[in-house]
Amino acid sequence: MREFGTTVFAEMTALAVRTGSVNLGQGFPDTDGPPAMLERAIEAIRGGANQYPPGPGVPELRQAISEHRKEHYGLAYDPDGEVLVTVGATEAIAATVLAVCEPGDEVVLFEPYYDSYAAAVALAGAVRRPVTLRPVAGRFTFDPAELRAAVGPRTRAIIVNSPHNPTGTVLTRAELEEIAAVCAERDLIAITDEVYEHLTFDGVEHIPLATLPGMRERTVMISSSGKTFSATGWKVGWICAPPALTGAVQTVKQFLTFTAGAPWQLAVAHALRHELPWVAALRQDLQTKRDRLAAGLRAAGFDVLPPSGTYFVQTDIRPLGFTDGLTLARELPALAGVVAIPTQVFYDRPEYGRHFVRFAFCKKDEVIDEAAARLASLGKGAPRTG
């Protein structure tokens, strides 16, 4: 684990605190989730739900997850054996990779990627095989030939994140069909990170890979309440998978955290059943915030690649005269009083992402406006080469 050290999120958040900058780095909202959900957690605490819940998760939540999968995606999962509650999606990803990979196995993933993927693969003693997402016609996508070339005799699994962090792309049905074909031909397990499943914009549809023919039986579907209900600090996630895969993941998970917090599980069960209209309003609000920040970034001189989902917008920094995103991110607090995340840290081959910087728009309007006002000074200065 020597290569991992302090995460870029910790570095940039500390920089924001130290400099008093507007923090558009780490992706967490600055408002709370649905009030009735919060009250349900309080009621659960006062009602005595403060000891270990069952290892697979409280029955109410597992049932609510099963109902949600069926209602939204037509996928039937048995709450007793095909649903496992985890401490956030990050634990679900780590436990799944540890469960399905032996040392020396290979895992295909799309770069740029959420940084925990690389750490999970390393913990398993496995090897990363990256496939690069590149901008084509204003959105990030992959070359099917590169995907096929990344799969070898030792490839065991592929991690698929859609809606995708950090690019904001939402994979199309055609793109998912390419992935599904490779999984079927090479007998791969698909690990799908779908934590932004309800946060897509402009009418773009999220299609779970498990809904494609032949994919349910080889897919570990990962979701989380954190992004859906603006409760990232609760760390309640889950997997849905066939019994053999769910059992394998639970075998690992029980020695990581054993179980997740009972009060939050009960509150999330309520939210899945009753608060999706609140989520629909959140989605529309985030779309407006995306457009608000994108306009400010364009005015400052960035080239903006509008996302179809998630909390994040990617920008190309070269029109401003910058060439290295990590250097700019470290200098940006002094230059403009704003913190962002350099996208290149999410690549195995950082040269492909060196000119991109990620900004989060899951913030109050006044925070976005203040950041945009501060960034406006960038376009007025002399070009730099950092």
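Buried means under 20% relative accessible area, exposed over 50%, and partly exposed in between, computed with a 1.4 Å probe on protein chains only. This is a predicted model, in which local features need pLDDT of at least 70, side-chain atom pairs count only at pLDDT 80 or more, and totals for chains, interfaces and linings use all residues. Residues are numbered from 1 along each chain as its sequence is written, and side-chain values use heavy atoms, with hydrogens and water left out.

**View 1. Arg129 and Glu106 form a salt bridge.** A salt bridge is a side-chain nitrogen of Lys or Arg within 4 Å of a carboxyl oxygen of Asp or Glu. Here the closest N and O atoms are 3.0 Å apart. Arg129 lies in strand 4 and Glu106 in strand 3, so the pair ties together parts that are 23 residues apart in sequence. Helices (H or I, at least four residues) and strands (E, at least two) are DSSP runs, numbered from the N terminus. Arg129 counts as partly exposed because its relative accessibility is 34%, whereas Glu106 is buried at 11%.

**View 2. Arg154 forms a salt bridge with Asp105.** The closest N and O atoms are 3.1 Å apart. Arg154 lies in the loop between helix 6 (144–150) and strand 7, and Asp105 in the loop between helix 4 (88–100) and strand 3 (106–111), so the pair ties together parts that are 49 residues apart in sequence. Arg154 is partly exposed at 40% relative accessibility; Asp105 is buried at 11%.

View 3. Two strands pair if DSSP finds at least two bridges between them. Strand 7 (residues 155–161) and strand 8 (residues 189–193) pair in the parallel sense over five bridges, and Val160 stands opposite Thr192 in strand 8.

**View 4. Helix 3 covers residues 59–73.** Its 15 residues reach 21 Å from the first C-alpha to the last, close to the 21 Å expected at 1.5 Å a residue; the expected span is 1.5 Å times one less than the number of residues. Among the buried residues of helix 3 are Leu61, Ile65, His68 and Tyr73. What covers the buried residues includes strand 2 (83–86), strand 9 (219–224) and helix 11 (276–300), where contact means heavy atoms within 4.5 Å. Just after helix 3, Gly74 takes a positive phi of about 70°.
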